[in-house]
Amino acid sequence: MLLACPDLVEQGMAAVLEVFDAIPLGPYMAIVNELRGRVHQGHALAGILSVHLRRLREAR
């Protein structure tokens, strides 16, 4: 995810941690778990996180 958001990385580690702290990982993992056996769970989580991070960046 850091490779997909180089602008965030350039802001420093504090900004990265702030954004990742805002991610509701529990609910996202529950969604990914529902997809078990259908799609690769790592890829599904990466997609969800990508959408979430894009929305956070657009809101700023």
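## Terms and basis of the model

A residue is called buried when its relative accessible area is under 20%, exposed when that area is over 50%, and partly exposed in between (1.4 Å probe, protein chains only). Helices (H or I, at least four residues) are DSSP runs, numbered from the N terminus.

The model is predicted: local features need pLDDT of at least 70 and side-chain atom pairs count only at pLDDT 80 or more, while totals for chains, interfaces and linings use all residues. Residues are numbered from 1 along each chain as its sequence is written, and side-chain values use heavy atoms, with hydrogens and water left out.

An α-helix has 3.6 residues a turn, so residues three or four places apart point the same way.

Leu17 lies 18 residues from Leu35 in sequence and 27 Å from Leu35 in space, C-alpha to C-alpha.

## The nonpolar core

A nonpolar core is a set of buried Ala, Val, Leu, Ile, Met, Phe, Trp, Tyr and Cys residues joined through side-chain atoms within 4.5 Å. The largest such core has 13 residues, and those with the most contacts inside it are Leu8, Ile23, Tyr28, Val32, Leu45, Leu49 and Leu53. Helix 2, helix 3 (25-34) and helix 4 each supply at least two residues of this core. Helix 4 provides the largest share, five residues.

Contact here means heavy atoms within 4.5 Å. Not counting residues up to four places away in sequence, Leu45 touches Leu25, Tyr28, Met29 and Val32. His52 has its place in helix 4 and counts as buried at 14% relative accessibility. With its neighbours within four places in sequence left aside, His52 is in contact with Ala22, Ile23, Pro24 and Tyr28.

Leu56 is likewise found in helix 4, but counts as partly exposed at 25% relative accessibility. Leu56 and Ile31 are 25 residues apart in sequence and 19 Å apart in space, C-alpha to C-alpha.
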